[in-house]
Amino acid sequence: ALLIAFVSGPPILAWLRRRGIGQVVRLDGPHGHLSKAGTPTMGGLIILASVLIPTVLWARLDDAYVLIALGLTASMGALGFVDDYLKVVQRESRGLVARYKFVGQLALGVLLAILLWNFPLSDYPANHTSLPFFKDLRLVVWAPFFIPFVALVVSGSANAVNLTDGLDGLASGLAAIAGATFALFAYLIGRVDASEYLGLFYLPGVGELTVFCTALAGAALGFLWFNSHPADVFMGDTGSLALGGALGAVAVLIKGEFLLLIVGGVFVAEALSVIVQTSWFKYTRKRFGEGRRVFRMAPLHHHFEQLGWAESKVVVRFWIVGVLCS
């Protein structure tokens with residue numbers, strides 16, 4: 001995956017530059033980001049190639065876990081590509097309108113849930129999941145809530161990574177950390193001896209997701225080569241939705257939905273900062289006639305920029321927190 005990113009990166013970058021596919025920077029964001037306008041975007045194509053090709057080459061393609069992970073990642077990437085294409089190429093300022101994009105993410109999550117419910121991949125019921133730190137405690141998701149639960153995990157993960165993708169190298173570095181962590185869990189859960197010893201679900205065939213997750217980590221690291229500060233390319237929604245969707249899908253497949261909240265702790269904090277900021281602003285505007293803010297700017301990484309932290313310092317410190325979470 002790393003090699004494919006290194007090899008495919010320069011020609012994809014050259015193609016994006018020739019087509020004039022550059023980033024549109026929001027005017028209400030940090031002023032220091034205005035200089036990034038025009039930087040090539042849709043670099044998520046590098047990530048998609050670097051995840052999909054090695055997985056097809058090295059994973060067992062008769063394994064349902066791998067096929068589902070590949071399908072959902074490619075679909076999320078396609079959804080993000082449409083949004084990037086409308087914003088950057090067609091100059092539609094709002095791209096694929098947010099609610100339509102969210103409906104598309106939910107639809108993919110619902111499709112995954114229906115597939116798992118009707119065609120269980122293991123002897124465990126589809127709505128059984130694990131709780132971090134508890135060896136013998138299993139959570140049973142109420143059957144009518146299973147489909148919305150899975151849809152929420154997948155779309156929430158995709159949106160959280162999308163919101164985190166605001167600084168050079170931030171989302172790609174954190175995705176590499178999370179991908180490597182889930183690779184370890186997939187390997188252990190796919191081994192009957194290790195899973196029994198650690199009190200995890202044993203899911204036959206899920207070990208093949210180790211290939212997919214390590215490809216995900218390698219792709220994110222390879223993209224980071226071009227995306228490190230100052231970035232030569234941005235991943236756009238093509239990359240962020242694909243990475244987020246992939247992490248969400250893996251979490252559902254290994255029955256680690258609540259594990260995702262810890263491994264992706266920085267992604268969760270970024271998403272919560274936006275929800276808190278927006279909700280509080282709307283409430284205070286309605287209550288007091290003037291909107292008030294909890295953070296200087298949301299998502300959370302912009303708040304620390306407004307406090308005077310350099311962009312690279314925010315990124316590295318968030319990586320450190322991501323490592324600690326993992």
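The dialogue below covers salt bridges, a surface patch, cavities and a pocket in a predicted model.

Colleague: What should I know about the numbering and the model before reading any feature?

Modeller: Residues are numbered from 1 along each chain as its sequence is written, and the model is predicted, with local features needing pLDDT of at least 70, side-chain atom pairs counting only at pLDDT 80 or more, and totals for chains, interfaces and linings using all residues. Side-chain values use heavy atoms, with hydrogens and water left out.

Colleague: How many salt bridges does the structure hold?

Modeller: Side chains of opposite charge can pair when their charged atoms come close. The rule for a salt bridge is a side-chain nitrogen of Lys or Arg within 4 Å of a carboxyl oxygen of Asp or Glu. The structure holds six salt bridges. Among them is the one between Asp 83 and Lys 87, whose closest N and O atoms are 3.2 Å apart.

Colleague: Where do Asp 83 and Lys 87 sit relative to each other?

Modeller: Helices here are DSSP runs of H or I with at least four residues, strands are runs of E with at least two, and both are numbered from the N terminus. Asp 83 and Lys 87 are separated by about one helical turn, because they are four residues apart in helix α3 (residues 64-89).

Colleague: Is Asp 83 buried or exposed?

Modeller: Buried means under 20% relative accessible area, exposed means over 50%, and partly exposed lies in between, with a 1.4 Å probe and protein chains only. Asp 83 is buried, at a relative accessible area of 1%. Lys 87 counts as partly exposed, with 27% relative accessibility.

Colleague: Which other residue forms a salt bridge with Asp 83?

Modeller: Lys 101 does, with 3.3 Å between the closest N and O atoms. Lys 101 lies in helix α4 (residues 98-118) and Asp 83 in helix α3, so this pair ties together parts that are 18 residues apart in sequence. Both Lys 101 and Asp 83 are buried.

Colleague: What does Lys 87 pair with in helix α9?

Modeller: Lys 87 forms a salt bridge with Asp 237, the closest N and O atoms being 4.0 Å apart. This pair links distant parts of the chain, with Lys 87 in helix α3 and Asp 237 in helix α9 (residues 236-253), 150 residues apart. Asp 237 is buried, with a relative accessible area of 7%.

Colleague: Which residues make the nonpolar surface patch?

Modeller: Patches are made of residues with over 30% relative accessible area and no salt bridge; like charges are joined within 9 Å, and nonpolar side chains (Val, Leu, Ile, Met, Phe, Trp, Tyr) within 5 Å. Accessible areas come from the Shrake-Rupley method with a 1.4 Å probe, and for residues only the protein chains shown count as cover. Here Leu 2, Leu 3, Phe 6, Val 7, Leu 221 and Trp 225 make a nonpolar patch of about 640 Å². Helix α1 (2-18) gives the most, with four residues, and α8 (209-227) is the other element named as supplying at least two. Leu 221 is in helix α8 and counts as partly exposed at 45% relative accessibility.

Colleague: How many cavities of 30 Å³ or more are there?

Modeller: On a 1 Å grid over the protein atoms alone, a cavity is a set of points where a 1.4 Å probe fits but cannot get out; a pocket is an open set with protein on both sides within 12 Å along at least five of seven lines; lining residues have an atom within 4 Å of a point. Grid points are joined across faces, edges and corners, and a volume is the space filled by probe spheres set on the points. The count is two cavities of 30 Å³ or more. The largest cavity holds about 150 Å³, and of its 15 lining residues, Leu 116, Ala 126, Val 252, Leu 253 and Lys 255 lie nearest its centre. The second largest cavity has a volume of about 40 Å³, and helices α6 and α11 (265-288) each supply at least two residues of its lining.

Colleague: What lines the second largest pocket?

Modeller: This pocket, of about 430 Å³, is lined by 24 residues, of which Pro 132, Phe 133, Phe 185, Leu 200 and Leu 259 lie nearest its centre. The elements that give two or more residues to the lining are α6 (170-189) and α10 (257-263).
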